[in-house]
Amino acid sequence: MHSSVKQASLTDFANQKANKVIGACVHCGFCLATCPTYQLLGDELDSPRGRIYLMQSALEDNQASFHTLKHLDSCLTCRSCETTCPSGVEYSQLLDIGRDFLETKRPFWQKNYRTLVRKFLTTPLLFKPVGYFFRHSGKVGSKLKVENSMRKVLLLGGCVQPTLAPNINHSIKNILAKLNIAVVEGSQSQCCGAIDQHLAASEEAIRKVKGNIDAWQGQLENGIEVILSSASGCGVMVKDYPSLFDKEDEYHAKALLVASHTQDIAEFLSKEDLSQLHLSEKNISYHEPCTMQHGQQLGGLVESLLGQFGYTQIPVTDSHLCCGSAGTYAIFQPKLAKELRSNKITHLTKSNPEMIVTSNIGCLMHLQKGSPVPVKHWVELLDG
Ligand code: SF4
Ligand code: SF4
């Protein structure tokens with residue numbers, strides 16, 4: 001479809017990206033069937049195709065209002081539509097541009113509230129003392145000490161995970177110690193930038209992204225083999241770093257280097273010899289985050305790993321649909337988030353599992369609030 005976005009307030013790079021995405025959409029509507037908000041609300045404007053129309057009118061003809069913004073706000077950025085789309089439309093790239101552009105339509109009080117939440121979540125000094133009271137799992141000490149290891153990995157801290165569930169990265173350290181792999185831990189203040197990026201604070205996101213790229217490039221040059229992520233929401237953001245820079249920008253090549261060395265913990269472990277880790281016959285249910293299956297396109301990897309370890313898993317109905325957590329979505333769209341969680345928990349608990357496991361801290365915390373059984377990060381199961 002023809003697109004002629006040329007907004008003076010946007011960079012050439014953003015204008016080109018918007019035209020590319022809008023131009024790729026052939027309006028076939030296949031994506032409607034797998035869009036969770038279209039399924040719940042039944043309004044074309046709350047579907048991927050409808051939102052693309054809205055963004056096109058806004059960006060081409062300045063036809064936009066607070067009403068337009070509301071339809072963009074209801075989008076989970078789950079990217080289920082990208083997995084479904086036969087034309088390869090990179091919807092989420094357009095969404096970031098559309099959200100940034102339409103931010104001027106947002107009422108003052110909403111802007112302030114969103115800024116407050118964003119700063120709170122991404123500033124460890126503010127988040128730690130409060131987040132501690134919502135802690136999901138405590139810290140366990142490292143059981144094995146690694147000495148003079150030949151292999152070194154950088155484990156991303158994440159801005160909220162070390163406070164809410166320190167057990168996750170401790171389990172990874174224990175597992176990697178058994179494999180004789182040394183772990184260098186990233187700082188909690190090195191936020192990946194996803195929260196800023198998705199809340200229309202792209203300048204702040206880029207500042208963080210550039211800081212991370214500079215730091216991690218240095219660590220890669222000093223012998224770090226892989227940048228490991230245990231939160232799929234952070235992992236997908238880091239893997240998407242190259243898309244944030246024009247090819248002419250010096251950071252594009254650096255971002256490619258960082259992204260190509262970034263792996264989810266499941267990707268990394270799937271290539272290692274795990275024979276010394278313990279087997280189990282527990283009946284569990286796995287919730288695959290959207291950032292894992294749609295964002296990183298790693299669908300089925302964790303289930304296959306857990307299957308190798310003997311865990312029984314029953315296929316989950318509608319496993320492609322979001323649980324409603326979606327970064328800060330559950331904070332700003334509580335009604336829809338609760339409905340999605342309730343549907344998800346019904347499907348996840350159908351086989352009476354002993355626990356639910358997942359790959360992202362946001363999903364974990366959100367699901368636990370509505371789950372009758374414990375919710376954990378799957379990697380904690382391997383640290384027996
Ligand atoms: S499936 Fe792809 S091409 Fe078809 S309407 Fe949706 S985004 Fe456009
Ligand atoms: S990202 Fe998810 S909620 Fe948003 S339009 Fe695509 S499928 Fe629908």
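Buried residues make up 46% of the 384 residues in this protein. Here a residue is buried if 20 or more other C-beta atoms lie within 10 Å of its own, exposed if 12 or fewer, and partly exposed in between, with C-beta atoms placed from the backbone. The model is predicted: local features need pLDDT of at least 70, side-chain atom pairs count only at pLDDT 80 or more, and totals for chains, interfaces and linings use all residues. Residues are numbered from 1 along each chain as its sequence is written, while chains are lettered from A and ligands numbered from 1 in the order in which they are written.

Start with the overall build. The protein has 21 helices and eight strands. These are DSSP runs, numbered from the N terminus: helices are H or I with at least four residues, strands are E with at least two. The radius of gyration is 21 Å, close to the 21 Å that the globule rule gives for 384 residues, so the protein is as compact as a globular protein of that length. That radius is taken over C-alpha atoms, and the globule rule is 2.2 Å times the number of residues to the power 0.38. Along the principal axes, the C-alpha atoms fill a box of roughly 60 × 50 × 40 Å. Among contacts with a separation of 6 or more, 74% join residues 24 or more positions apart. A contact means that the C-beta atoms of two residues, placed from the backbone, lie within 7 Å.

Next come the domains. The assignment gives domain 1 (12–105), domain 2 (133–269) and domain 3 (277–382). Such bounds come from an automatic or database domain assignment. The C-alpha centres of domain 1 and domain 2 lie 29 Å apart. Seven residues from domain 1 and six residues from domain 2 make the contact. On the domain 1 side, helix H6 (residues 91–102) gives the largest share, four residues. That side divides into one nonpolar, two polar and four charged residues. The classes are simple: Ala, Val, Leu, Ile, Met, Phe, Trp, Tyr, Cys and Pro count as nonpolar, Asp, Glu, Lys and Arg as charged, and the others, Gly among them, as polar.

Look at one residue of helix H6, Asp100. Asp100 counts as partly exposed, because it has 19 C-beta neighbours inside 10 Å. Leaving aside neighbours within four places in sequence, Asp100 is in contact with Ala200 and Ser202. Ala24 is 76 residues from Asp100 along the chain, and their C-alpha atoms are separated by 21 Å.

Now the ligands. Around ligand 1 there are 15 residues, and the closest are Cys25, Cys28, Cys31, Cys85 and Val89. H3 and H5 are the elements that give two or more residues to this shell. By class, the shell around ligand 1 has 10 nonpolar, four polar and one charged residues. Ligand 2 is surrounded by 13 residues; Cys35, Pro48, Cys75, Cys78 and Cys81 are the closest. A residue is near a molecule if its C-beta atom, placed from the backbone, lies within 6 Å of it. Helix H2 (36–41), helix H3 (48–61) and helix H5 (80–84) each give two or more residues to the shell around ligand 2. That shell has eight nonpolar, three polar and two charged residues.

Turn to the strands. Strands of a sheet pair through backbone hydrogen bonds, either parallel or antiparallel. Two strands pair if DSSP finds at least two bridges between them. Strand E1 (residues 151–155) pairs in the parallel sense with strand E2 (residues 181–185) over five bridges. Here Lys152 stands opposite Ala182 in E2. E1 also pairs with strand E3 (residues 226–229), again in the parallel sense, over three bridges. Val153 stands opposite Val226 in E3.

Another sheet is open, with four strands in the order E6-E5-E7-E8 and parallel pairing. Its edge strands are strand E6 (312–313) and strand E8 (375–377), each pairing on one side only. Strand E5 (residues 283–287) and E6 pair over two bridges. There, Ile284 has Gln313 in E6 as its bridge partner.

Finally, two backbone details. Most residues other than glycine have a negative phi. His27 has a positive phi near 60°. His27 sits in the loop between helix H1 (12–24) and H2. His27 is exposed, because 9 other C-beta atoms lie within 10 Å. Asn180 also has a positive phi, of about 60°. Asn180 is in the loop between helix H10 (166–178) and E2. With 13 C-beta neighbours inside 10 Å, Asn180 counts as partly exposed.
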